[in-house]
Amino acid sequence: MAIDLKTKALKKSLFVFHLSTGSCNNCDIEILDCLTPRFDVERFGIVLVGSVKHADVLLVTGIGTTKNANRIKLLYQQMPKPGFVVAIGACACTGGIFRDGYTMSGPIDTIIPVDVYIPGCPPKPEAMIAGIVRLLERIK
Amino acid sequence: MEILRYFSLIIASFFIFSLVGIMSGWLDRKITARLQWRVGPPWWQNFADFVKLVGKETVIPYEANQAMFLLSPIIGIIAVTVTGALLLSSIFFNPVKWDLFIFIYLLLIPSVVIFLAGSSSGNVLASVGAGRELRLLLSYELPFIIALLVPVIKSGSVQIYKIADYQITNGVNIGYISGFIAFVVALLAFQGKLGYVPFDVSEAETEIAAGTFIEYSGFPLALLKLMKWILLSVGISFFVIYFMGGFRNPLTGILKYLAVLILIILIKNTNPRLRTDQILKFSWGWLTMFGMLAVLFALLGY
């Protein structure tokens, strides 16, 4: 019962932390679009927080550059569990057009475990909300 | 028997003020969302946040002072609960002598707790936030106390229940010029106590990433959030009792509570964040000046 209540509460209030690891900022702008009046993810309890210690979900954009790889790991370790990782954009999922770049150290799932992939360059806000719904289905 | 009564009073205070505070916090989020043409979260959102945070892992930073890090949220909860109990007892049960001064001291503790929480967590941004919180405390405390003097001068007593009784025979404090100015000054100073937007330098999400709370997670973070919610409800109840005639008639009492809450939310949503030096200038300049003016009017009898 107690466990059930915890999971239920977690599903209803996801705090997301946004981490950009060498992205072109387009995915980041689209993430912010989700908070605007048109999409307003706060009605589902999703809030963007400033510190990874408060977060339940790590939104990672970008290819995961060599310089950033260790920091991604560090931030993932600092996130209080249960925590989830969402890779947003083609770069984070596969490396995209930067897959042969000399700073390429990703994609993200070679650095930290990823729960949900949201492809697109950039993904639409609708696609991100669909991805979050997919994540909610996976939380048990 | 006496101890049992005090104990039940504190338990009652905790439940009443935390429930009211959580709902006030929800109203804050909802009205903020509506002002920005958003829909906003459903009514149980803050309960869900609280339960979720209780259920999460607590990460204690390696460089933190562990005892202080974990103890400060508990001190904060105890302080605001006792503040609420004092308010309840001064209205319904046996009033404590000099309770206004105890009340002012107890209202100071949440800010000190935020300072302790920030400085014990071993983070650079948290220590920046802690320093700012202390400067904020210094700046708003002066006009707050000066504004609270006005009803004391009017009723000639430092007991909250006597001030509340005085308003039955002589009209509510906010109806006078002096009371009105004092109310506005005290409300703006209270905004600083809450850490709401014109005075949110110590938290400043976009600037120093949640500032003093940056290293907190799980249960301690839930307690800190609860402390802020209880502080919100206790403070507004105090304003209603102290300036607006209290909850003698429950319906108008709730309306007064909502009016003050919505005023706070509107101030929060229509102002930019001030810098620390601007806050100091504003509160030691304008707010203190208007507070003095209110005291002068009160002495003259307006």
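**Note on the two-chain model**

1. In chain B, the residues Ile22(B), Gly25(B), Trp26(B) and Arg29(B) of α1(B) meet Gln45(B), Asn46(B) and Phe47(B) of α2(B), where a contact requires that the C-beta atoms of two residues, placed from the backbone, lie within 7 Å. By class, this contact of α1(B) with α2(B) has three nonpolar, three polar and one charged residues; Ala, Val, Leu, Ile, Met, Phe, Trp, Tyr, Cys and Pro count as nonpolar, Asp, Glu, Lys and Arg as charged, and the others, Gly among them, as polar.

2. On provenance, this is a predicted model, in which local features need pLDDT of at least 70 and side-chain atom pairs count only at pLDDT 80 or more, while totals for chains, interfaces and linings use all residues. Residues are numbered from 1 along each chain as its sequence is written, and chains are lettered from A and ligands numbered from 1 in the order in which they are written.

3. Helix α1 (residues 2-35) of chain B packs against helix α2 (residues 45-55) of chain B at an angle of about 115°, their axes being 8 Å apart. Axes are lines fitted to C-alpha atoms, for helices over the stretch in contact, and angles run from 0 to 180 degrees between N-to-C directions.

4. Chain B as a whole has eleven helices and zero strands, helices (H or I, at least four residues) and strands (E, at least two) being DSSP runs numbered from the N terminus. Buried residues make up 48% of the 302 residues in chain B, a residue being buried if 20 or more other C-beta atoms lie within 10 Å of its own, exposed if 12 or fewer, and partly exposed in between, with C-beta atoms placed from the backbone.

5. Between the chains, 19 residues of chain A are in contact with 26 residues of chain B. Helix α1 (residues 2-12) of chain A gives the largest share of the chain A side, five residues, and by class that side has six nonpolar, six polar and seven charged residues.

6. In chain A, strand β4 (residues 84-88) has five of its five residues buried, with Phe84(A), Val86(A) and Ile88(A) on one side and Val85(A) and Ala87(A) on the other. Strand β3 (residues 57-61) of chain A runs parallel to β4(A) and is joined to it by five bridges, strands being paired if DSSP finds at least two bridges between them; Val60(A) has Ala87(A) as its bridge partner. Strand β5 (residues 116-118) of chain A also pairs with β4(A) in the parallel sense, over three bridges, and there Ile88(A) stands opposite Ile118(A).
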